[in-house]
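Good morning, colleagues. Please turn to the sequence and the structure on the screen, and keep both in view while I speak.

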Amino acid sequence: WVPDRYYGVKTINIAPGNGARGLPGLHAAYMLFDAVTGVPLAVIDGDQVTNRRTAAASALAASFLAREDASHLLVVGAGRIARLLPEAYRAVRPIRRVTIWARNLAKARALAAELDAEGFDARATADLEAAAGEADITSCATLATEPVLQGRWLRPGSHLDLIGSFTPAMREADDDCFAGASIFVDTPEALTKSGELIGPISRGVFAPGDVRAALDALCRGEAPGRTSPEERTVFKSVGIALEDLAAAILAYESVAGPR
């Protein structure tokens with residue numbers, strides 16, 4: 001909430017089995033209210049809010065963590081969030097080449113064709129290891145419960161963005177992705193919510209105190225982001241309600257005007 005202005009509530013349904021049904025894994029609705037009177041102001045497609053704020057948060061983090069000359073983006077996944085990542089990243093880095101990998105190669109090819117039509121040099125690949133070894137930025141947006149990405153594939157100086165693991169049972173990256181990397185999170189709650197972090201911490205790969213900063217500290221200039229060209233960075237997000245509210249306010253005020 002924003003005191004004396006707005007508060008919002010999102011209802012989200014997560015159904016990992018929907019991929020087999022040809023449906024998205026997430027469905028949501030967002031309600032925005034006047035924080036003083038409680039009057040409902042808007043009902044917004046929660047899927048759009050979730051997808052767009054998630055991609056925007058990853059790009060915001062990359063503006064501090066990815067090399068300034070990063071031009072090759074690898075997207076792991078071919079869902080709705082994956083679809084938005086190239087455009088979001090292009091807003092903060094000179095992305096020219098996009099590689100798509102997904103378990104379903106046909107979906108990866110379809111997404112690559114869409115992006116290619118929008119002016120990206122986009123292509124699908126069946127070789128995730130080779131693609132990860134070439135990419136400047138790797139962004140994972142899947143509902144995986146076992147690692148699909150291995151740290152030994154990642155090149156020095158690359159940036160890894162992990163979106164999918166938002167419960168203790170989910171993982172996209174193996175322990176080596178974190179070993180020797182500078183680790184950042186969107187919120188400290190990620191350390192207790194994401195299997196991506198809970199597992200490596202329990203095995204001593206890194207300690208909670210090794211996390212360099214959360215996204216708000218980066219934005220306020222309270223913590224440095226990338227400090228050298230050869231540094232390998234990792235950003236783990238689980239989502240913050242404030243991001244949803246900011247997106248909902250932006251959507252509402254674009255129609256109704258500022259309050």
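Predicted model: local features only at pLDDT ≥ 70, side-chain atom pairs only at ≥ 80, totals over all residues.

Let me begin with the aromatic residues. How many aromatic pairs does a search of the whole structure find? The search returns three, and I shall discuss two of them in detail. A pair of aromatic rings is described by the distance of the centres and the angle of the planes.

Consider Tyr6 and Tyr252. Their ring centres are 6.1 Å apart and their planes stand at 75 degrees, so this pair is edge-to-face. Where do the two residues lie in the chain? Tyr6 belongs to strand 1, residues 6–14, while Tyr252 belongs to helix 8, residues 241–256. Tyr6 and Tyr252 are both buried.

The next pair is Phe178 with Phe206. Here the centres are 5.6 Å apart and the planes are at 35 degrees, so the pair is tilted. Both partners come from loops: Phe178 from the one between strand 8 (159–162) and strand 9 (182–185), and Phe206 from the one between helix 6 (195–202) and strand 10 (213–214). These are again distant parts of the chain, 28 residues apart.

The charged end of Arg90 sits over the ring of Phe120, at 3.9 Å from the ring centre.

I turn now to helix packing, and return to helix 8. Helix 1, residues 46–65, packs with helix 8 at an angle of about 110 degrees, and their axes are 9 Å apart. That angle makes the two helices roughly perpendicular, and the crossing is right-handed. Which residues meet there? From helix 1 come Val49, Thr50, Arg53 and Ala57; from helix 8 come Glu243, Asp244 and Ala247.

Finally, Ser165. This residue is found in the loop between strand 8 and strand 9, the loop that also holds Phe178. With a relative accessibility of 0%, Ser165 counts as buried. Setting aside neighbours within four places in sequence, Ser165 is in contact with Met170, Arg171 and Glu172, with Ser194, Gly195 and Glu196, and with Lys236, Ser237 and Val238.

Thank you for your attention.

Technical notes
Residues numbered from 1 in each chain as written. Heavy atoms only, no water. Phe/Tyr/Trp six-rings, centres within 6.5 Å; stacked < 30°, edge-to-face > 60°. Helix = DSSP H or I, 4+ residues; strand = E, 2+ residues; numbered from the N terminus. Buried < 20%, exposed > 50% of the residue type's maximum accessible area, 1.4 Å probe, protein only. Lys NZ or Arg CZ within 6 Å of the ring centre and 35° of its normal. Axes fitted to C-alpha atoms, helices over the stretch in contact; angles between N-to-C directions. Parallel < 35°, antiparallel > 145°, perpendicular 65-115°, else oblique. Left-handed = near helix turned anticlockwise from the far one by under 90°. Contact = heavy atoms within 4.5 Å.
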